[in-house]
Amino acid sequence: MSETGSAWAVTDPLTGAISPVAELSGPVPMVAVVGRPNVGKSTLVNRILGRRQAVVEDVPGVTRDRVAYDALWNGRRFTVVDTGGWLPDARDRAAAIAAQAEMAVQTADVVLFVVDTAVGATDDDEAAVRMLRRGGKPVLLIANKVDDQRMESEAARLWSLGLGEPFPVSALHGRGSGDLLDAILAALPVPAPVDAPQPRGPRRVALVGRPNVGKSSLLNRLANEERAVVDAVAGTTVDPVDSLVQIGGETWQLVDTAGLRKRVGQASGTEFYASLRTAAAIEAAEVAVVLLDASEPLNEQDTRIISMVAEAGRALMLAFNKWDLVGEERRHDIVREIERELRRVPWALRMNLSAKTGRAVDKLATGLHQALQNWERRVPTGQLNQWLTALVQATPHPIRGGRAPRVMFATQAGASPPTFVLFTTGPLDPGYIRFIERKLREEFDFAGTPIAMNVKARAKRPGSPAGAKRGSGAKRGRG
């Protein structure tokens with residue numbers, strides 16, 4: 001993204017052309033993509049985005065929640081909401097998925113109703129049309145899978161649905177996508193100009209954890225609605241689900257992610273792409289809430305996910321969910337497990353809650369604020385070095401090889417996460433670096449955030465033996 005005058009110039013994801021983004025005020029318009037299962041909704045979403053974002057697989061029912069993505073066309077931004085397959089007489093999990101699609105229609109400015117041209121209009125499609133008419137929103141009829149000229153005549157048969165002229169497209173190959181995007185922009189509400197700089201957006205929070213620990217249940221509890229599909233079967237969530245929710249009287253952007261079973265390199269199919277989306281959601285977040293099932297022992301999956309967040313440099317909260325199922329004996333076991341399994345992240349903030357009963361959920365905002373405040377904390381250089389000088393004088397580096405390296409001074413090179421550089425006369429032992437980090441946390445309160453510690457050792461003069469002094473007769477080599 002490059003600046004051009006008072007507007008911003010962006011690269012269009014489909015054409016590659018550089019175009020200015022109009023300065024707009026008010027909410028970003030919403031475009032909901034709905035239809036029965038396996039008609040190519042997620043493929044169409046990816047075509048609109050110009051990148052493979054939504055999880056796609058050649059089986060019905062891959063998408064289950066409302067999943068929002070930022071889109072751009074001809075300098076206009078809008079949000080595309082992918083939905084699961086809608087069926088009129090759905091039951092159990094399918095009914096929850098259909099309800100999510102109906103809620104997307106209610107909140108959208110424009111609805112894209114996708115029909116499989118090769119199959120034609122079905123009874124389920126006609127039932128969907130009746131549902132869409134009740135919503136009262138502008139509807140564009142998308143005749144998908146029109147891969148060649150021959151299929152355009154088949155698309156014309158969809159006039160029978162009574163939604164007006166069908167837009168023949170091939171979401172897979174891109175045929176007709178440009179005309180469709182122009183039609184979407186024409187159907188969106190007219191934007192208003194910006195009169196003042198826009199305030200900072202909501203803080204971004206990723207809900208992560210292994211399958212069935214209650215991520216979607218927590219999201220629904222915070223949103224006070226069935227925002228994500230919840231099922232006792234592990235792995236219900238596939239795509240990351242973005243939601244704006246009120247916590248502690250403040251708006252936060254929460255992302256419910258797929259539960260991670262395996263390492264990304266070991267996963268396959270839908271699970272592989274879901275793992276990539278989860279990793280991307282962690283990278284895009286500012287703070288991650290790792291949900292742990294308090295009723296079960298911590299395992300390798302839990303510690304691996306926690307390590308992913310720490311290595312990504314994101315603020316971290318550990319939420320022990322299902323606390324309503326924890327007895328006195330289990331509580332003692334949890335204390336021992338934390339000491340044994342989480343010794344690498346003793347700085348992580350912890351809280352006990354129950355998404356099912358609502359226990360302590362309202363206290364989540366306090367922990368998020370503390371973690372983010374420490375994640376963005378900066379220590380003035382003078383204060384940092386005054387503290388560091390006293391520390392290394394009281395506890396100098398151990399002698400190695402007849403001499404000990406000295407820490408000359410330090411500086412904070414960055415925040416989010418806090419990053420420090422130690423300038424020394426030689427390499428430091430890893431244990432001594434951990435000692436400095438531990439004392440740094442105690443002094444300046446970095447609870448809830450990882451810290452990056454880098455050592456920049458002073459280079460030796462080329463050609464000089466270790467420990468050689470000036471005037472000793474040692475020859476200097478050229479730098």
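Student: Which residue of strand 19 stands opposite T411?

Tutor: This is a predicted model, in which local features need pLDDT of at least 70 and side-chain atom pairs count only at pLDDT 80 or more, while totals for chains, interfaces and linings use all residues. Residues are numbered from 1 along each chain as its sequence is written, and side-chain values use heavy atoms, with hydrogens and water left out. Strands 18 and 19 run antiparallel and are joined by 6 bridges; two strands pair if DSSP finds at least two bridges between them. In strand 19, the residue opposite T411 is V421.

Student: Which residue of strand 20 stands opposite V421?

Tutor: Strand 19 is joined by 6 bridges to strand 20 (residues 452-457), and these two run parallel. Strands here are DSSP runs of E with at least two residues, helices are runs of H or I with at least four, and both are numbered from the N terminus. The residue of strand 20 opposite V421 is N454.

Student: In the hairpin of strand 18 and strand 19, which residue takes a positive phi?

Tutor: The hairpin has 4 residues between the strands. The positive phi, near 60°, belongs to S416.

Student: How many of the residues of strand 19 are buried?

Tutor: Buried means under 20% relative accessible area, exposed means over 50%, and partly exposed lies in between (1.4 Å probe, protein chains only). Strand 19 is mostly covered. Of its 6 residues, the number buried is 5.

Student: How many aromatic pairs are there?

Tutor: Rings of Phe, Tyr and Trp (its six-membered ring) pair if their centres lie within 6.5 Å; planes under 30 degrees apart count as stacked, over 60 as edge-to-face and the rest as tilted. By this rule the number of aromatic pairs is 4.

Student: How are W387 and F444 arranged, and how many residues apart are they?

Tutor: W387 and F444 form an edge-to-face pair, with 5.7 Å between the centres and 75° between the planes. The pair links distant parts of the chain: W387 lies in helix 11 (residues 381-394) and F444 in helix 12 (residues 430-444). W387 is buried at 15% relative accessible area, and F444 is buried at 10%.

Student: Why is the pair of F409 and F423 classed as it is?

Tutor: The ring centres of F409 and F423 are 4.5 Å apart and the planes meet at 15°. F409 belongs to strand 18 (residues 407-414) and F423 to strand 19 (residues 419-424), 14 residues apart. F409 is partly exposed at 41% relative accessible area, and F423 is partly exposed at 21%. Because the planes of F409 and F423 are at 15°, the pair is stacked.

Student: How many salt bridges are there?

Tutor: A salt bridge is a side-chain nitrogen of Lys or Arg within 4 Å of a carboxyl oxygen of Asp or Glu. R203, E286 and E376 are linked in a network of them. The count of salt bridges comes to 17.

Student: Are E337 and R330 buried or exposed?

Tutor: The side chains of E337 and R330 meet in a salt bridge, 2.7 Å from N to O. Both E337 and R330 are buried.

Student: What is the relative accessibility of R157?

Tutor: R157 and E154 meet through their side chains in a salt bridge of 3.3 Å, N to O. E154 is partly exposed at 30%. R157 counts as exposed because its relative accessibility is 58%.

Student: What is the order of the strands in the open sheet of 6 strands?

Tutor: The pairing in this sheet is mixed. Strand 6 (67-73) and strand 10 (167-168) are the edge strands, each pairing on one side only. Strand 6 pairs with strand 7 (residues 76-82) in the antiparallel sense over 7 bridges. The strand order is 6-7-5-8-9-10.

Student: What angle does helix 2 make with strand 5?

Tutor: Contact means heavy atoms within 4.5 Å. Axes are lines fitted to C-alpha atoms, for helices over the stretch in contact, and angles run from 0 to 180 degrees between N-to-C directions. Helix 1 (residues 41-49) runs at about 165° to strand 7. Helix 2 (residues 92-107) packs on the sheet, touching strand 5, strand 7 and strand 8, and its angle with strand 5 is about 150°.

Student: What percentage of the residues of the chain count as buried?

Tutor: The chain has 12 helices and 20 strands. Of its 479 residues, the buried share is 48%.
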